[in-house]
Amino acid sequence: MPCLLAAIGVATSLAAAPALLLAADKAEQRALSAITEPGLMGTIRILASDEYEGRSPGTEGETKTIAYLEREFRKLGLKPGNPNGSYLQAVPLRSQTATPRFSYTVAGKTVDLKFPDDFVAHSTGPATDVNIKDSELVFVGYGVQAPEYGWDDYKGLDVKGKTIVMLINDPAVPDPKDPSQLDPSLFKGKEMTYYGRWTYKYEIAAKLGAAAAIIVHETKPAAYPYGVVRSGGIGEQFSLEGDSRDNPEVPGWIHEDRARELVAAAGYDFDALKKAALSKDFKPVSLKGVANFEIRSQRRMLDSHNVAALLPGSDPKLKNEFIIYSAHWDHLGIDEKLPGSRTQQIYHGALDNASGTAALLELAKAFKALPKPPKRSILFLATTAEERGLLGAKYYAHHPLYPIDKTLANINIDGVNAWGRTAQIENVTSGHSTLDDLLERRATQQGRRMVPNSRPELGNFYRADQLEFARVGVPVLYTKARSNYLGKPESYAREVVDRYTEHDYHKVTDDVRGDWDFSGGIQDIRLLFQVGLDVANGVARPVWKPASEFSKLRD
């Protein structure tokens with residue numbers, strides 16, 4: 001009889017399984033339906049409006065933004081994300097508003113450069129006045145020390161007190177088998193590595209004791225025009241309080257045309273030096289002159305804020321494990337020196353990143369629409385000061401509200417597809433963790449394909465908040481939808497993305513547009529909801545793949 005009863009029990013459970021799955025599917029579909037285009041657009045219109053003044057940290061724009069986000073999280077019934085009972089995490093920042101002067105003397109001739117049209121620079125130290133005089137100018141190629149590639153641009157040169165000039169990105173070394181391609185054995189070929197990021201270049205300059213580090217901006221390898229550098233280099237600059245070790249005393253950028261003139265004054269050809277820098281045998285080149293910097297700064301200390309809301313997990317054994325959805329709320333504020341009306345002086349940041357912040361709220365709505373919370377807890381984290389160097393995410397990663405070793409994944413959203421539906425989703429973080437597998441499965445259910453990053457040369461992995469989570473060992477997911485648009489020619493994707501980058505990215509024109517089509521963006525947000533839901537309810541924790549540069553950090 002017990003065997004018969006057991007058999008009946010098994011049969012009953014098997015018969016009930018499809019019904020249970022169907023109920024789960026219906027619950028998931030109801031949750032997905034909470035993510036809507038009107039909801040997304042409504043939030044974008046608010047955050048990108050003139051009232052929010054470009055959402056710069058430490059301004060009235062921040063005050064209004066974090067109040068709005070807290071209000072919306074409360075309305076959804078989410079709990080305060082900070083264990084102290086608040087929706088806010090204070091992020092201590094040091095602000096500098098600099099008036100810099102930069103001149104160089106080569107072959108007896110002094111040249112004064114114009115800020116911000118020719119260069120941008122500021123100081124990261126505590127002093128309000130910084131003077132660097134007669135600092136030897138040295139060209140250091142790409143400014144990279146990468147022992148795993150046998151690469152060292154410095155070759156033992158003592159750069160203490162010197163001004164080093166370096167190229168943007170990784171060394172673009174041609175493949176000896178096919179010079180039209182990049183060598184896949186060095187710096188991952190076409191894909192940018194962290195060595196190509198400006199943050200790395202400043203970090204190594206600081207480590208080696210350089211007085212100033214100047215990066216040559218080039219539009220093609222940077223994938224954005226000098227205007228982006230210009231807009232980011234004016235007004236307030238921010239750093240985490242007590243965290244000046246990541247920069248030399250003066251970090252800066254120089255316009256490519258001015259860099260060519262500097263190199264020519266020293267008797268060199270810029271293109272020839274750039275070509276020489278593509279060899280492991282490259283050695284630093286003296287530019288036969290000196291640099292002088294005078295920087296006068298107005299400084300203030302302030303607390304900016306990450307905004308955090310929590311959906312506690314439903315499983316007593318698993319609710320102390322967390323999945324973090326993140327999106328940065330900040331943008332570039334106001335430039336009152338620009339001509340025109342107030343509206344024409346505000347960096348509205350509609351796509352970057354009012355859209356991602358709006359997506360965060362849509363995700364919160366979806367999780368709240370579930371009949372029962374997932375087993376693990378979900379933290380919705382709107383970070384500050386991403387535009388100033390991923391500072392809010394970095395602060396959270398090193399001062400987490402919940403243990404990092406209990407944080408299973410970070411899913412970051414920075415910009416939402418505003419140009420229609422796509423047949424595929426690009427996984428910017430492809431190849432790094434088992435989150436790839438969850439994304440691929442869910443994309444297939446949508447009738448789409450998961451594909452690798454179509455533009456790895458842009459280095460998107462290292463340009464958004466997920467990087468700071470990866471650097472403390474948390475598996476991360478970051479996606480883009482910028483290829484294979486349905487019903488559009490193949491050229492359409494690159495046209496719309498490049499047009500946005502050239503004309504709107506980090507410009508006052510990144511404002512709400514009437515021709516946006518967020519149908520694809522909604523598709524993507526729903527996909528990220530499903531992946532996060534799988535992690536929150538799953539048995540296996542996401543893990544780094546052995547080939548990932550971050551795999552040993554979790555260990």
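User: Why is Glu-28 called buried?
Analyst: Its relative accessibility is 10%. Buried means under 20% relative accessible area, exposed means over 50%, and partly exposed lies in between, with a 1.4 Å probe and protein chains only. Glu-28 is under the limit, so it counts as buried. The model is predicted: local features need pLDDT of at least 70, side-chain atom pairs count only at pLDDT 80 or more, and totals for chains, interfaces and linings use all residues. Residues are numbered from 1 along each chain as its sequence is written, and side-chain values use heavy atoms, with hydrogens and water left out.

User: What does Glu-28 touch?
Analyst: Not counting residues up to four places away in sequence, Glu-28 touches Arg-442, Phe-529, Gln-530 and Leu-533. Contact means heavy atoms within 4.5 Å. Glu-28 and Leu-533 are 505 residues apart along the chain, yet their C-alpha atoms are separated by 9.2 Å. Glu-28 itself lies in helix α1, residues 2-32. Helices are DSSP runs of H or I with at least four residues, strands are runs of E with at least two, and both are numbered from the N terminus.

User: What makes α2 oblique to α9?
Analyst: The axes of α2 (residues 37-47) and α9 (residues 350-369) cross at roughly 135° and come within 8 Å. That angle makes the pair oblique. Under 35 degrees would be roughly parallel, over 145 roughly antiparallel, and 65 to 115 roughly perpendicular; the rest is oblique. The axes are lines fitted to C-alpha atoms over the stretch in contact, and angles run from 0 to 180 degrees between N-to-C directions. The crossing of α2 and α9 is right-handed, meaning that the near helix is turned clockwise from the far one by less than a right angle.

User: Which residues make the contact of α2 with α9?
Analyst: From α2 come Gly-39, Leu-40, Thr-43, Ile-44 and Leu-47. The α9 side includes Ala-354, Ala-358, Leu-361, Glu-362 and Lys-365. The contact residues divide into eight nonpolar, four polar and two charged.

User: Is Glu-362 buried or exposed, and how do you know that?
Analyst: Glu-362 is buried, because its relative accessibility is 0%. This residue is in helix α9. Its side chain reaches the backbone nitrogen of Thr-36 at 3.0 Å. A polar contact is a pair of N or O atoms within 3.5 Å, one able to donate a hydrogen and the other to accept it. Glu-362 also touches Ala-34, Ile-35, Gly-39 and Leu-40, among others.

User: Why does Glu-53 count as partly exposed?
Analyst: Its relative accessibility is 23%, which puts Glu-53 in the partly exposed class. Arg-55 has a relative accessible area of 0%, so Arg-55 is buried. Glu-53 is found in the loop between α2 and α3 (60-75), and Arg-55 is in that loop too.

User: What makes the phi of Glu-53 worth a note?
Analyst: Most residues other than glycine have a negative phi, and most peptide bonds are trans. Glu-53 has a positive phi near 55°. Arg-55 also has a positive phi, of about 55°.

User: Where are the cis peptide bonds of Phe-115 and Asp-352?
Analyst: One joins Phe-115 and Pro-116, with omega about 0°. Pro-116 sits in the loop between β3 (109-113) and β4 (119-121). Another joins Asp-352 and Asn-353, with omega about 5°. Asn-353 is in helix α9.

Key:
Ala, Val, Leu, Ile, Met, Phe, Trp, Tyr, Cys and Pro count as nonpolar, Asp, Glu, Lys and Arg as charged, and the others, Gly among them, as polar.
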